[in-house]
Amino acid sequence: MVEAVVALAVEKLGGLLIEEFGYAVRRTHVQSEVEWIERELIRINCFLKDADAKQKGDERVKTWVRDVRDVAYQVEDAIDTFIMIKSTDPRKRAGFIKRCVCCFSFLLNELALQHKLGKDIRGIKVKISDISASRITYGIENIGGGGEGSSYVSEKLREMRRSSPRMDDHDVIGFDEDINMLVARLLDQETPRRSTISIVGMGGLGKTTLAKKVYNCRSVKRRFDFCAWVYVSQDYRAGELLHEIGEKILRIEKGRLAMMNRQHLEERVSTALRKKRYLIVLDDIWETEVWDDLKTLFPDVMNASRVLFTTRIRDVAIHADPRSATHELHFLNQAHSWELFLKKAFPMEGDSVTCPPELERLGTQIVAKCGGLPLAIVIIGGLLSRKEKTPSVWLRVLQSIRWQLNNDSRQLMEILALSYNDLPYYLKPCFLYFGLFPEDLEIPVGKLVLLWIAEGFVQQRGEESMEDVAEDFLEELVDRSMIQVAEKRYNGKIKTCRIHDLLRDLAMSEAKECKFLEILDSTNIDTSVTTRARRISVHSSLEEYMKLRHPNPHFRSMLQFSRCEESLRRDQWKSLFESLKLLRVLDLERVQTHALPKEIRELVHLRYLGLRRTGLQRLPSSIQNFCNLQTLDMRATKVSRLPIQLWNMPGLRHLYLEKTSIAGHPPVHVSVMHLQTLSTVSIYGNQWITDLLGKLTNLRKLGIHGYFASQTEALSRCLVKLSNLQNLQLRGTELILEPTIKLLLNQPNIHKLHLSGPIEKLPDPQEIQPNLTKIILEKSLLVQDIFVILGKLPNLQMLKLLINSFFGKEITFSASGFPKLHGLELSELVNLEEWRVDDGAMPSLRHLIIDHCDQLKKIPEGFQYLTALRELFLLNMPDEFEIRIKGDDWYKIQHIPSIVMR
């Protein structure tokens with residue numbers, strides 16, 4: 001984590017050198033010292049990867065890492081304070097005559113400000129010199145010099161985790177289906193090639209336990225001529241692992257193995273396995289390099305040999321065998337969690353175990369806290385098995401469950417921390433950031449990505465946008481089994497995500513230790529947040545934050561997660577912003593205010609300003625002071641007009657509005673050239689489409705509300721210029737005429753199109769560009785057979801026909817229609833009575849919603865042909881429809897794994 005902190009400090013130093021000294025004719029003393037600090041921090045950062053990993057086992061290293069982190073924060077504070085004071089100088093807002101009169105005073109203040117910066121820099125330089133020297137003093141100058149593995153893993157933890165197939169756990173619950181699936185794949189005679197099968201999941205899910213059950217299965221033992229179990233671990237050493245494999249396969253003692261060179265040993269092992277059908281289990285793999293080092297040992301002679309992996313990291317599994325599907329291990333459901341808990345809490349009662357009634361409610365709450373994680377359930381159940389079976393004792397365990405899990409001899413939190421320690425430096429702050437969000441929250445990925453970018457966690461990679469890089473970071477955390485996908489979009493991208501409660505505890509613990517964040521909730525509102533933490537998440541209320549005796553001026557982020565609306569007095573707003581002048585992120589969702597207080601203009605470092613659901617009515621012209629602002633979210637506010645000063649904000653990337661109109665005439669030369677999102681803006685008010693829209697060439701998402709007929713020609717000219725536009729939303733009440741709809745459906749760069757309002761007629765299929773992947777229609781009042789037209793779009797993956805989009809009585813999905821459609825929603829189609837699905841239609845459909853179609857009396861004929869369908873939601877349908885579903889029509893949908901009716 002400290003690597004990321006230092007990297008940010010180095011970036012700020014570089015920026016300071018360019019902004020303040022880049023055009024100076026003479027080098028100043030301050031410039032030389034800033035350059036020295038930059039060079040020294042870069043050198044120190046070279047040692048931090050190993051130091052950060054080893055600090056858990058060495059207090060000397062821990063102290064040194066803490067000192068490096070604190071001085072990096074000090075660098076950031078000095079530079080940000082300098083920039084803030086310069087940017088908010090009142091002379092910049094004065095008139096011309098006053099500025100001239102104050103010119104001499106301005107120069108004196110400028111010199112004084114640079115003098116203060118120089119003083120701060122000199123103090124930092126002394127500290128960095130001491131830190132560099134202290135590596136020798138502490139005897140840690142050779143951090144990272146010992147051994148092949150770069151990650152620190154305590155020997156005690158390594159030995160505790162060392163797996164063996166002989167140590168079998170008989171109390172295995174909820175794995176029956178997984179065992180059967182894996183055994184079938186191991187015994188599959190239709191796959192003669194040597195295949196690698198991987199069990200993937202987060203720490204504590206039971207990957208090793210499942211692998212043991214499969215490995216020890218009698219049918220597996222009979223199938224393979226040779227079976228071997230090899231424990232790899234995070235602290236992987238290629239030479240030692242090769243000798244262990246050689247000892248098991250060649251039956252040669254270690255002394256003789258040590259005398260063989262590597263190439264000779266590899267040839268001996270490979271030759272021995274070539275003559276047998278083998279099963280090799282490689283337990284707990286962390287790096288793709290492990291497979292690269294070992295794969296030559298395992299020959300493929302087309303005799304159906306198998307290699308079984310367990311890993312937390314999906315990329316490791318895919319790297320080993322891209323053709324073999326990973327076996328994803330999931331959390332235990334409520335019933336299996338309870339069954340496992342009873343077996344561990346009451347071990348002497350055998351299979352007929354029951355929980356005493358007076359303990360059942362507390363037991364259920366305790367199990368819920370474990371979140372379906374088998375290892376956590378086993379630990380807590382084992383703890384309770386040794387305690388009195390009384391409500392008072394179980395209540396104490398419930399109240400201290402996090403402490404109990406953290407201090408158990410099985411070291412659950414340290415096992416989970418292995419995943420955190422293995423993260424590359426750029427992912428550590430991204431993971432710790434999840435600690436800011438409330439427990440069990442489904443986190444919108446769109447917002448999370450913008451927050452990460454505003455925090456400075458994400459840097460551009462070549463031509464790739466920072467938003468795409470951030471999404472890759474999230475995918476990597478998911479692939480490492482640290483973050484869970486809550487909901488996916490139609491195109492496979494993550495829509496919402498969540499973090500397991502125990503991993504959230506880990507994130508909060510690590511984050512507080514490195515002053516990354518602080519949480520203000522009902523459990524700590526009586527204490528002062530006096531640490532130098534960089535971020536605060538308010539789970540109680542802002543008013544409670546205002547009561548703190550010593551607010552922290554070092555906060556860079558404030559996120560508000562109050563579940564109800566609140567408002568502050570004028571003096572409270574003033575006090576809040578005067579104490580938080582270095583903020584980069586400010587999210588005030590649900591905090592009510594009609595207008596932004598004038599003190600907010602001094603937050604010149606702001607990158608993200610969230611004003612959603614605040615009741616805001618007016619945006620001040622001083623908004624242009626936020627020259628670094630990237631995201632401004634004003635959805636669900638009452639702001640009706642945008643000030644023209646908004647277009648002078650060069651850093652703005654995402655502007656979320658609520659049918660807001662653009663005031664006045666935009667400037668001839670606009671600065672918002674990086675704007676990617678503009679949604680939803682009103683078309684009324686002036687000719688902004690003509691004057692402005694065509695200049696926003698980086699737009700990726702555009703939402704417009706209003707009457708389009710009068711602006712068709714202007715809109716047409718602008719859309720041609722917006723070559724990066726992918727997502728277009730148009731909402732209005734007037735009829736969209738055929739020429740306009742032809743224009744919209746023939747823009748080759750647009751992939752997602754959302755149209756709300758009456759549509760005269762859809763054009764013929766050949767007049768619609770083929771790149772559309774998502775179409776949403778609502779209130780379209782179409783009566784023509786639109787399904788013949790839309791069904792011929794070759795790349796359409798998602799179709800939503802919402803309220804009154806289709807006014808006809810019958811629809812037919814013809815054979816070969818909608819070849820790539822994954823998702824379909826039919827909602828509030830009030831006239832729909834008949835629906836037919838031909839054999840061969842929608843062959844890829846996986847997700848279907850039918851909602852409030854009151855005249856539809858039955859599931860259509862041909863539904864049984866939708867063999868790819870995995871999820872069916874039948875919502876608010878008439879009684880007759882539900883009766884038929886449960887009776888005569890059941891055969892049409894019985895093949896669908898998940899059916900929801902409500």
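This is a predicted model: local features need pLDDT of at least 70, side-chain atom pairs count only at pLDDT 80 or more; totals for chains, interfaces and linings use all residues.
Is arginine 556 buried or exposed? Arginine 556 has a relative accessible area of 1%, and because the cut-off for buried is under 20%, arginine 556 counts as buried. Its side chain makes a polar contact of 2.7 Å with the side chain of aspartate 77. Leaving aside residues up to four places away in sequence, arginine 556 touches Glu76, Asp77, Asp80, Arg534, Leu582, Leu583, Arg584 and Val585.

Another aspartate worth a look is aspartate 838, found in the loop between β27 (834-837) and β28 (847-851). Which residue is its salt-bridge partner? Aspartate 838 pairs with arginine 836, and the closest N and O atoms are 2.9 Å apart. The side chains of aspartate 838 and arginine 836 are also joined by a polar contact of 2.9 Å. Arginine 836 is partly exposed, with a relative accessible area of 42%. Take threonine 812, for instance: 26 residues separate it from aspartate 838 in sequence, while the two C-alpha atoms are 7.6 Å apart in space.

A further salt bridge links aspartate 67 with arginine 66, with 3.7 Å between the closest N and O atoms. Both partners are partly exposed: aspartate 67 has a relative accessible area of 24%, and arginine 66 has one of 39%.

Now for the helices. Two packed helices are described by the angle between their axes and the distance between the axes. For helix α10 (residues 238-250) and helix α12 (residues 262-274), the axes come within 10 Å and cross at roughly 40°. This crossing of α10 and α12 is left-handed. On the α10 side, the contact is made by Ala238, Leu242, His243, Ile245, Gly246, Ile249 and Leu250, while α12 brings in Arg262, Leu265, Glu266, Arg268, Val269, Ala272 and Leu273. Sorted by class, the contact of α10 with α12 has 9 nonpolar, 2 polar and 3 charged residues. An α-helix has 3.6 residues a turn, so residues three or four places apart point the same way.

How many residues of helix α22 (residues 445-455) are buried? This helix is mostly covered, with 9 of its 11 residues buried. The buried residues of α22 are Val445, Leu448, Val449, Leu450, Leu451, Trp452, Ile453, Ala454 and Glu455. Just after α22 comes glycine 456, which takes a positive phi of about 90°.

Definitions and conventions. Residues are numbered from 1 along each chain as its sequence is written. Side-chain values use heavy atoms; hydrogens and water are left out. Axes are lines fitted to C-alpha atoms, for helices over the stretch in contact, and angles run from 0 to 180 degrees between N-to-C directions. Helices (H or I, at least four residues) and strands (E, at least two) are DSSP runs, numbered from the N terminus. A crossing is left-handed if the near helix is turned anticlockwise from the far one by less than a right angle, and right-handed if clockwise. Contact means heavy atoms within 4.5 Å. Ala, Val, Leu, Ile, Met, Phe, Trp, Tyr, Cys and Pro count as nonpolar, Asp, Glu, Lys and Arg as charged, and the others, Gly among them, as polar. Buried means under 20% relative accessible area, exposed over 50%, partly exposed in between (1.4 Å probe, protein chains only). A polar contact is a pair of N or O atoms within 3.5 Å; within protein, one must be able to donate a hydrogen and the other to accept it, and residues adjacent in sequence count only if both atoms are side-chain atoms. A salt bridge is a side-chain nitrogen of Lys or Arg within 4 Å of a carboxyl oxygen of Asp or Glu.
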